[in-house]
Amino acid sequence: MSEAAVMQPDTQFIQRVMASGGGDLKKCYQCATCSVACELSPEESPFPRRQMIRAQWGLKPQLMSDPALWLCHNCGICTTRCPRGARPGDVLGALRREAIRQFAFPQFMGSLVASPKALPLLFALPTLIFLAIAHWAPKGQVTPHLEFANVFPIPILEALFFTVSGFVLLAFAVGLVRCIRTMRTGGATGKIMQGLLPALRQIMTHQRFWMCDARNWSLGHLLTLWGFAGLAVVGTVAGIGTMAGFLHTPLPLTNGLKLFANASAVVILCGGLILLATRMQDPVKRVGSTYFDWFFLAVLVGVVLTGIMAELTRLEQAAAVMYPVYFVHLVLIFSLFLYAPYSKFAHLAYRTVAMAAAGPWTPKPQVAERARESSAAGAVTTTH
Amino acid sequence: MSVPSALPTFRNGKPVLVIGGGIAGLTTALEAAEVGCQVILAEKSPALGGRVARMHQYFPKLCPPTCGLEINLRRLRENPRITVLTLAEAEEIRGVPGNYEVTLRLSPRFVSETCTLCGDCAQACAAEKPDEFNYGLSKTKAAYLPSGNAYPARYVIDRAACPEGCKACQEACAYGSIDLSQKVERKTIQVAAVVAATGWAPYDATKIDYLGFGKYPNVVTNVILERLAALDGPTAGRILRPSDGKEPQTVAFVQCAGSRDDNHLPYCSAVCCAASIKQATYIRKLYTQAQITIFYIDVRTLGRLEDFYASVAADPKIAFVKGKVGAVEQDPGNHDLLVTAEDILSGKKKTQRFDLVVLATGIVPQTDGLPAGFALDEFKFLSVPEGRAGLYSAGCVHRPEEVSAAVQDATGAALKALQCVSRSSQHG
């Protein structure tokens, strides 16, 4: 006989998962309806049935190292079908939160961002920074039209955001190393470097997400992702361009980069509003929403809304409104950036590597094709 | 300790009304009548026997229900204290324990006691309707005998299935037994107690859309399989798959098809595991090469049924897979079925091909049309009344249970009803 395995239930882990959205975890009676209902659950290592019992048992290491946490796209079909109301989709969401916390660098930031009590603190930091800039920063030269730079000088913002970006990149790098190491100990054998390109392609096309049962969910997410990608490109180009001196903001509306930026903003706004509406309206509560979900979604949509409003009020030269709106925009964008490795934002990084680490993926074939592949029930010869 | 000086004489008391003539209602009526009580047995359908009459075999003995029903029907025929009313429903119950007034609605049968079962009426009848006894697998004429063993052994005319104004059966009957002018009647009776034994219906499996019942012809339910296995069923006991009449060589049983599911029936229906294990033996007996897979969450065969489970599980051609079926799809080419489940013990998800899929659908208590006064529990079963009540229940309308338990339950309900009769005859 093989050696006895010692189970080490982490009861605090169970408590945390149950407190952060997985409250119905213990109702699961392991029927595995969820594993079949899920279109993304692979045959060789189906989820989320196994993850449910591991969570019930508090097997934290086995769960944190499991790429399946990230293969789930949270459409909620498992929760809808669950005969016991155990809400596997929400439990996987809670487990992802736990993973983000566990991989967080520095660790205390993970706990801070996950805690609703710390919310005032999270916003107090950027609020004070930007109030200080508005108050003490040397004012730029007077311009023919009102510009945000009159109050928030560009060099200072550049320095601030490059520092934050550098820190965030470092935090993500450490988080990803932790994530990959953990997955390796859990036996994920996929070659990450090889899997990265296919994973990125699947992410950009939402090939997996479209297999899910909730089309509005995947459409909203796709638009958000594309809009965000567009704005990330614009932000990087504008940031570097301004610093290098070949770009001078504000760009005219007819400028190509500006057109691209505005188009991206509209796309992400549409996506974000779809996601927001889906979460708010969700009539059968197929997808549970927690503080963690709301924090990320609200900051993201807030950034886009205040960005668009700031641009419009600037074009109107409404001095009384444009600076306060821009101030809020800065606070939100700072929060989105700085807290990215610890908020739900981090799923962007972890899901990508998990998809790569989980190995090659092919969409589930249509019925007719599976009919050709499927074997008869028994291995014994039958008398057809 | 005081002992009653004399045994109560139920003869002087009011009768007991039993609603429902299945195995539980029959048993209640017989047990009460055999100690001397007057009993009125009201059955909604045209014949007694209920669900049990449609079974092929009982578990775990694998014997047919007909012999037990025959014994009970003989007891019934020999007992003058039981009044059997078929096509009868209780509409209203007024009064208090020991003194109820019940309105019965008696639908016309259109066929009198002089019916000789010659079948000329059915011959003459042109209208067809689904045969309810066979769960719609076959058809009967609108003038029909409910089943081969029907009690009362008399034809019945389903006027709802007749063409407007048709009198062919009445004209064909040589004995003048048919009177199509009969109307619905109402009758008021005085009773001391009422026992509802209105039984159960199989859960409507079309509501579990991912299991394909109603969409794919070769997905059947467990009650349908009983009729396919029954010698008096539509296939004369040969289990054939509906799409092409082929003898199935691979059969999947889907346990908890609706039961233990908050989206359908939140409770365990108690009998489906043993029923599927029993039905696996039907198929193995008919087709010696057949491969059977039973997909389950937990095999719930309690008490002595555990041995039955063990003996069937020892059959190498019967596989038990722990994991609920989450999808049944159809091969568009040949109507074979693709069944997907996660085998929890191996942790792999598999799609397998089967000739026939049997859904182990659960028990839904039949309380529709029951007059007000009975209390329902959280799952819509009749709950057990507290204290000196007069409205009791027996059988599957009261809790999901197997036949032998329903019979014991019925005996208990008869005793409660007798106590009520006894109290009322002593005090009033």
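The largest nonpolar core of this predicted model holds 209 residues, of which B:Val16, B:Val194, B:Val195, B:Val254, B:Val357 and B:Ala417 touch the most other members. A nonpolar core here is a set of buried Ala, Val, Leu, Ile, Met, Phe, Trp, Tyr and Cys residues joined through C-beta atoms within 7 Å; a residue is buried if 20 or more other C-beta atoms lie within 10 Å of its own, exposed if 12 or fewer, and partly exposed in between, with C-beta atoms placed from the backbone. Helix H15 (residues 319-338) of chain A gives the most to this core, contributing 11 residues. Helices (H or I, at least four residues) and strands (E, at least two) are DSSP runs, numbered from the N terminus. Beyond its neighbours within four places in sequence, B:Ala417 is in contact with B:Val16, B:Ala32, B:Ala193, B:Val195 and B:Tyr392, contact requiring C-beta atoms, placed from the backbone, within 7 Å. Another core, of five residues, lies apart and includes A:Cys75, A:Phe209, A:Ala214 and A:Trp217.

Helix H14 (residues 291-316) of chain A has 26 residues and reaches 36 Å from its first C-alpha to its last, close to the 38 Å expected at 1.5 Å a residue, the expected span being 1.5 Å times one less than the number of residues. Among its buried residues are A:Phe292, A:Phe295, A:Val299, A:Val303 and A:Glu311. The buried residues of H14(A) pack against helices H7 (88-103), H8 (107-114), H13 (256-281) and H15 of chain A. Just after H14(A), A:Gln317 takes a positive phi of about 60°.

Turning to the two chains, the contact takes 31 residues from chain A and 32 residues from chain B. On the chain A side, helix H2 (33-37), helix H3 (49-56), helix H17 (367-373) and strand S1 (375-376) each supply at least two residues. That side divides into 13 nonpolar, 12 polar and six charged residues; Ala, Val, Leu, Ile, Met, Phe, Trp, Tyr, Cys and Pro count as nonpolar, Asp, Glu, Lys and Arg as charged, and the others, Gly among them, as polar.

Chain B is divided into domain 1 (10-103 + 184-199 + 366-427), domain 2 (108-182) and domain 3 (204-362), with bounds from an automatic or database domain assignment. Five residues of domain 2 of chain B are in contact with six residues of domain 3 of chain B.

The model scores ipTM 0.90 and pTM 0.93. Residues are numbered from 1 along each chain as its sequence is written, and chains are lettered from A and ligands numbered from 1 in the order in which they are written. As this is a predicted model, local features need pLDDT of at least 70 and side-chain atom pairs count only at pLDDT 80 or more, while totals for chains, interfaces and linings use all residues.
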